[in-house]
Amino acid sequence: MDPVVSKVGIIGAGVSGIAAAKHLSHHNPIVLEASDSIGGVWRHCSYNSTKLQSHRRDYEFSDFPWFDRDNPEYPSHLEILDYLNSYAEHFDVLKFMRFNSKVVEVRFIGDWETTDAGFKPPAGQPAWEVAVQTSGEDTIQWYAFEFLVVCIGKYGDIPRIPEFQHNKGPQAFQGQVLHSLDYCKLDKKAASELLKDKKVVVVGYKKSALDLAVECAEANQGPKGQPCTMVVRTLHWTVPHYWVWGLPFFLFYSTRASQFLHPRPNQSFLRTITCLLALSPLRHAISKFIESYILWKLPLEKYGLKPDHSFEEDYASCQMAITPENLFSEADKGRIMFKRSQGNWWFNKDGIEFDDGSKIDADVVVLATGYDGKKKLKAILPDPFRSMLEYPSGIMPLYRGTIHPLIPNMAFVGYLESVSNLHSSELRSIWLARLIDNKFKLPNVEKMLEQTTKELEVMKDTTRFYKRFCISTFSINHSDEICEEMGWTSWRKNTWLAEAFSPYGGQDYLQKY
C-alpha cells in the first residue's frame, strides 16, 4: 500500500493538536488521533468531578472567547470538551482529523547529512514516515510528511507505576488495584460502586488524588461508609481560591510588574545581581504572605500537610492546585484520612505496609501516581533521536518550547508548561506556522541550545521541581521573545498602567502586529 503523502502531519488531537491544526490549516495537515474524538486528557483522563483550575477567561483561545466568559464558576471537563468541539467546528479543523488512528512507528527518511543543521523549511521532500494502525484493522497504513508536529503531551496513556520488590507488588494484595487512568474510564455509577462502603487507599497528593479522595468520601456517606486514606509522600501547596488577604492572586505572579521581580533568561549581569540581592527578599516576602493566608484558611498544620518548601517553588513548577471544596470538611468528619510516607511502602494481602511498621487495611488501592510522558514519547521516536531527546541536560531542550535543535523537521507542542497550557500551545502554534511558512529564521543549533540552557538555569534557581519544564514565573518574557521573533509587538496592552498591572492572557495575543 503506497504511503499517503502530505506536507504536515500532526500526532494527537488534544488541545495542542487542535491549536496546531487550526494555525496550520492552510497546509491541509493530517491529524492522527488514536481515539475516536478530540479533547485529549479532558476526554480520557478526567473524573466525573474534574473541573478547570482557573476561570474560563484564563483558558480560551485568543480568537474564540467563551460565550459565558464572565461566569465565575470553574467549568467542568464536559463544558471544556464542548468548548473545544465548538472551536474545532467553528474553524473547520475536524476535516483534518483521522480518528482511531494509532501511531505505531515513526521513521526518519530525510537527509542524514543535514540532521545537525537545525530547522529547515519543508522543501517538497518527505522527512518522516509514520505507520498507523486503524482500530479494528490488522493492516498498517504509512504516511509521509515533510514536517511532523507531535502533540501527544506528557499526561495520559502510560501510567507511572511504583516499583516494588519481589512479592511485594500488587500481586500480593487480595483486593483491587488500579491506576487513576483506569478510574477515569469509569462512568459515574461504576465509579461509585467501586468506592462505596469500601476501605480505599489513594496513593498521591496532587490534583487527581485530591479529587479522587473527595469522590471516595462522597460515595461513603451511608452508615456502612468507610474512610478514604491518602498516602502522601511529597506535599504541595494548594489554594482555596484566587484571592489572598482580599487581593486578587494575579497581582503576585501574572502581571508584567510582578514577573519583573523574578529572574529570566538573557538578563543582564546588573539585573542578575539585582534579582539576587534586592529582589530575592521581596519574592520571599510575597511567598510568605501567600503561605500565611493559605495556613489561615486551610487546616494544613492540623493534618500535617504543610509543605517544607515555599509556595513559590510549587507555583514556579506549575504544581499549584485549587483545593477541592469539600476536602477538609470530609476530613473533619473522618471520611478522609492522611498518612505521611517519606520512606518505602509495599503491598501485603490485606492492604499496604510502610517501613515504619504501620499498616493500612484496604479493599481498593488507587495509584494516583501520574504518567510517564517520557516513555510515551520514546515509544514512537526512532533512534538516534530517542537518545537525543533529553540531551544534554536531562530535560527536552525545546527552543521556544517547540523545536528540538537536534531533531530535524519536527516540533513538539504542549510539552512546555505554564499557568495556562492552552494559551501556551496556541501562541507556539502561531509561531510554528509562521516558521514553517518561512516568515522568519531560527538561530543556529548552538544558539538554540544555549537559549534552552539559560531557561533551564532559571528554573533550577527557582524550584527544586525544575524538571517539570514550567515557565510560570517568566511566562510574559517568554511570550515577548516569541512575539519579537515573529515580528509582532511584544507589549500587547493599550496603556502603560494596564501593561504593568493587569494580567496577561490569551486575548492579549489576538493577532495584532
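## Crossing of helix 14 and helix 16

The crossing of helix 14 and helix 16 is left-handed, a crossing being left-handed if the near helix is turned anticlockwise from the far one by less than a right angle, and right-handed if clockwise. Helices (H or I, at least four residues) and strands (E, at least two) are DSSP runs, numbered from the N terminus. The contact involves His423, Leu427, Arg428, Ile430, Trp431 and Arg434 from helix 14, which meet His478, Ser479, Ile482, Glu485 and Met486 from helix 16, where contact means heavy atoms within 4.5 Å. By class, these residues comprise five nonpolar, three polar and three charged; Ala, Val, Leu, Ile, Met, Phe, Trp, Tyr, Cys and Pro count as nonpolar, Asp, Glu, Lys and Arg as charged, and the others, Gly among them, as polar.

Axes are lines fitted to C-alpha atoms, for helices over the stretch in contact, and angles run from 0 to 180 degrees between N-to-C directions.

## Basis of the model

This is a predicted model, in which local features need pLDDT of at least 70 and side-chain atom pairs count only at pLDDT 80 or more, while totals for chains, interfaces and linings use all residues. Residues are numbered from 1 along each chain as its sequence is written, and side-chain values use heavy atoms, with hydrogens and water left out.

## Crossing of helix 1 and helix 14

Helix 14 also packs with helix 1 (residues 15–23), at an angle of about 30° and with the axes 9 Å apart, which makes helix 1 roughly parallel to helix 14. The crossing of helix 1 and helix 14 is right-handed. On the side of helix 1 the contact is formed by Val15, Ser16, Ala19, Ala20 and His23, and on the side of helix 14 by Leu422, Ser425, Glu426, Ser429, Ile430 and Ala433. The residues of this contact divide into six nonpolar, four polar and one charged.

## Nonpolar cores

A nonpolar core is a set of buried Ala, Val, Leu, Ile, Met, Phe, Trp, Tyr and Cys residues joined through side-chain atoms within 4.5 Å, with buried meaning under 20% relative accessible area, exposed over 50%, and partly exposed in between (1.4 Å probe, protein chains only). The largest nonpolar core has 56 residues, of which Phe311 and Phe338 touch the most other members. Helix 6 (residues 207–219) supplies the largest share of this core, with eight residues. Apart from this core lies another, of 51 residues, which includes Trp42, Phe64, Ala88 and Met448.

Leaving out residues up to four places away in sequence, Phe311 touches Trp237, Val239, Phe249, Tyr253, Ser287, Ile290, Glu291, Ile294 and Met320. Met448 lies in helix 15 and counts as buried, at 0% relative accessibility. With the exclusion of residues up to four places away in sequence, Met448 touches Tyr399, Pro405, Leu442 and Pro443; the C-alpha atoms of Met448 and Arg400 are 8.8 Å apart, although these residues are 48 apart in sequence.

Val214 is located in helix 6 and is buried, with a relative accessible area of 9%. The C-alpha atoms of Val214 and Leu327 are 5.8 Å apart in space, whereas the two residues are 113 apart in sequence. Setting aside neighbours within four places in sequence, Val214 is in contact with Pro324, Asn326, Leu327 and Ile336.

## Backbone geometry in loops

Most residues other than glycine have a negative phi, and most peptide bonds are trans. A cis peptide bond, with omega about 5°, joins Asp383 and Pro384, and Pro384 is placed in the loop between helix 12 (373–378) and helix 13 (385–388).

Asn409, in the loop between helix 13 and strand 19 (410–412), has a positive phi near 50° and is buried, with a relative accessible area of 12%. Asn438, in the loop between helix 14 and helix 15 (445–462), likewise has a positive phi, of about 65°, but Asn438 is partly exposed, with a relative accessible area of 39%.

Definitions and conventions:
Angles under 35 degrees count as roughly parallel, over 145 as roughly antiparallel, 65 to 115 as roughly perpendicular and the rest as oblique.
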